[in-house]
Amino acid sequence: MSQNYGLQHVVMAFFRFSLDTETLEHFKPDFGNGPELSFNDITVYDGVLLLSSRTMGLMFYNENNNKLMPYFASSLDAPSHVSSMLVVKEALWFGSIGNGLFRYKGDELQQISTSDGLLSNLVFMLVQDSYGRVWVASEQGITLIHNDFSIERTFTQNEGLSNTAIWGLIYDGVGHVWAGTSGGLSRIDISNFNVHNFSPTDGIQDNEFNYNAAWLAPDGRLFVGGAKGFNQFYPQELDVDNSARPLLVSEIELLGEPLKPAEDAVLSVAPELAAGLVLAHNQDIISLNYSSLDYGAEQNQFYYRVIGLSEQWLKLASGVRQVSLLKLKPGDYVIEAYTINRFNVASPVHQFSISIAAPWWWNTTSKSFYIFLILALIASIVYARQQRYKKVVRDNIKMSELRQRLEWSLWASGDELWDWHVNSNKIYRHTVFSKVDYGDAGSVMTIDDFDQFVHPKDCILVEEKVRECIEGKTDSYEIAIRVKDLFEQWTWVLDRGKVVKRDENGKATRIAGALKDIAELKKNQDALQTLNEQLEINVAMRTDQLYKKNQKLEQAMMELQHTQQELIESEKMASLGGLVAGVAHEINTPLGVALTALTYNQENLATIENKLANKSLRQQDLDNAINEQNQGYALILRNLDRAQSLISNFKQVAVDQSSEQARNIFIKSYLREVFDSLVPLTKGKQIEIVIVGEDFELHTYPGAIYQVITNFLNNSMIHGFEGMGTGKIEVSLAREGNYWLMSYTDNGKGMNSEILKTVFDPFVTTKRNQGGCGLGMHIVYNLVTQLLKGEIKCSSTFGEGISIKLKLPTELL
């Protein structure tokens, strides 16, 4: 790189210097009374001198009136902050700050933004290479655009750039695009897109480069400016050494201590010459520090992997050259490492072997001992099985004794046991003396044999209970069924079953249970049932008497609710009537002013007619009359517009209040209209009303919203701001999933805890002696919870105002 020079350039205005007259002219826009502009770029397109500005967009010099004018018509959605410009094949390309890249050709304006793949909407520089492609610089990197206005590829640090903030961009004409970044100077080959990065160690002025400070001189020299001056050089004469230098191990640490070479030690030669280490099992914490002989190695990227642990290459953090291995298990490992220099060239892979010996408890002797222990264990298992077989014989003898005792128990209780093996569909019965006629079925039967002795209506119930046990819905069941006894009569038994075994899928494979004679019990239950039926008849008679009394109470309640609803409707109409009176008063003022101005204009016309008839009309009189007429009509127009606006707002809110139709509204705009229509309620006080939050669309009942806001504002004026000349009301809006939130607060007097507890109850008011009925907040509560399907909460501290929060759905079904 060559010498550094100081250079600073800021364009704050536009001047034209005439070579013929040697005069200097200063230009600024002659519309909108705007201030002087800051200009970014200047070019000639289609015979017109164009300038890109930071506030007025793209401008052109109008030779007819010698002024700067906007280049694009207002119908085109052109950006207001234009940065760099470039003419490519009869088309004008230009970048913007915040809107991406634009191309203008044939009265058509095209745009590419981040949604199309552009790295950033902040476009700083545009340059064209010899292939006709356009390179776009931004703070996120470089985007390469094909001449058909499509994105070809992008360049970031992943592609080799030293930094993504691109401040200077220029094509050197010999096959390279140069980028001045916030991390050095980068050179990109336009044919294969290889990236070479240069740092201050290579001679550049600094790692930081300035905006638009790049220029290709006619003699082929390249000038690139930055924070500490600029560099100038011939790109074609720049010789870049792409070769990579090998890696060396400069230091080895074992268990946190550096290893020094010594005879009969772990490390016998210098670390740079060592090919590996042989370590004991407890020497399992090793660190290797690498060094690179490459010039500018501080920019190198180091990669490594440990064969024996993983085949994946890992990247070391920036500035880190140490590979640390912790708690290695006994075995053989190979550490491989390489670097990639600032020219994206990889070095040869360096290999370092590590062998960790096994501990004494895992050597050949210890393994033989382990084999002996295993054989002894097998012998012990065989001996234990023999002892277990003897125990099984003894258990069988004991089981036979238990079986005999079970039979005695069954004979004494009269119960019958059964054991169903589900997979084989066999049911084994155990009984001493059976009272059930099983038909042809013996002591072993299937589920299909139930039809022979179970009542047909009870078979379905038994099968349903058994199926629930098999499918895992329950582990046991108990059901009373009818079975055929030995005298061909139906008798009642209690069938009880329990799952005793399931397979891995949870399906029952074995169910056991018992049948118990409950014939006498059923007789007693039938007698009890008869008694219960008689009791139910008595209860029904008493219930009928209570029903008739409840009918009378319900009739009285309906009459009370009807009266309450009439009071609520009366409150609504009273609110609308007050609004009408207030709006009428508001409309009277602008209409009166308009009528006065119209009367004055008529008198003025009569004066002009008299002077014209007397032939005493002068030019000055006519000019004065016309001026006064214009002023009068302007006054009439403004006041009529004011009246029309008041009437329009009143019509909308009046219709909303008197109807229950749901429609789509933009809530913030609608609240502004509601508060504008309720201005008469604030007469006599300086009340500041603030609405904050986004303006979003929702489907709801506007009339209900209006009624809620009217009651809030009316309560604030009557109760909150009583005796106060000024106050502030703030309404905040927000969205939360499928709901929208509204918070209404004022800085009035607030209310005490006793009133707060009953604020939504009907007929609760502190102004009953002044005509208050106490239904306002009760109406609000019903509208929010019933019609609007939402929630409402009120909080207040006496002397600190009130806060009301609403949570409502954005879509009403």
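The model on the screen is a predicted one.

Next, select α2 itself, residues 456-470. With 15 residues at 1.5 Å a residue, the helix should span 21 Å, and its end C-alpha atoms are 22 Å apart, which agrees. Now look down the axis of α2: its buried residues fall within an arc of 115 degrees, so they line one face of the helix. Which residues of α2 are buried? They are Asp458, Cys459, Val462, Val466, Cys469 and Ile470. An α-helix has 3.6 residues a turn, so residues three or four places apart point the same way. Turn to the other side of α2 and select Lys457 and Ile460, which are exposed. Then step past the helix to Gly472, which follows α2 and has a positive phi, near 90 degrees.

Leave the helix and turn to the aromatic rings. How many aromatic pairs does a search of the whole structure find? The search finds 24. Select Trp178 and Phe198: their ring centres are 5.8 Å apart and their planes are at 25 degrees, so this pair is stacked. Trp178 lies in strand β16 (residues 176-181) and Phe198 in strand β18 (residues 195-198), so the pair ties together parts that are 20 residues apart in sequence. Trp178 is buried, with a relative accessible area of 1%. Phe198 also counts as buried, at 6% relative accessibility.

For another pair, select Phe696 and Trp740. Their ring centres are 6.5 Å apart and the planes are at 65 degrees, so the pair is edge-to-face. Phe696 is in the loop between β38 (686-692) and β39 (697-700), while Trp740 is in strand β41 (residues 739-746), so the pair ties together parts that are 44 residues apart in sequence. Phe696 is buried, with a relative accessible area of 3%, and Trp740 counts as buried at 1% relative accessibility.

Now select Phe60, Tyr71, Phe72, Phe94, Phe102 and Tyr104 together; ring pairs link these residues into a cluster.

The last stops are charges over rings. Select Phe193 and Arg153: Arg153 lies over the face of Phe193, at 4.4 Å from the ring centre. Then go to Tyr739, where the charged end of Lys807 sits over the ring, 4.9 Å from its centre.

Notes
Residues numbered from 1 in each chain as written. Predicted model: local features only at pLDDT ≥ 70, side-chain atom pairs only at ≥ 80, totals over all residues. Heavy atoms only, no water. Helix = DSSP H or I, 4+ residues; strand = E, 2+ residues; numbered from the N terminus. Expected span 1.5 Å × (residues − 1). Buried < 20%, exposed > 50% of the residue type's maximum accessible area, 1.4 Å probe, protein only. Arc of directions from axis to C-beta. Phe/Tyr/Trp six-rings, centres within 6.5 Å; stacked < 30°, edge-to-face > 60°. Lys NZ or Arg CZ within 6 Å of the ring centre and 35° of its normal.
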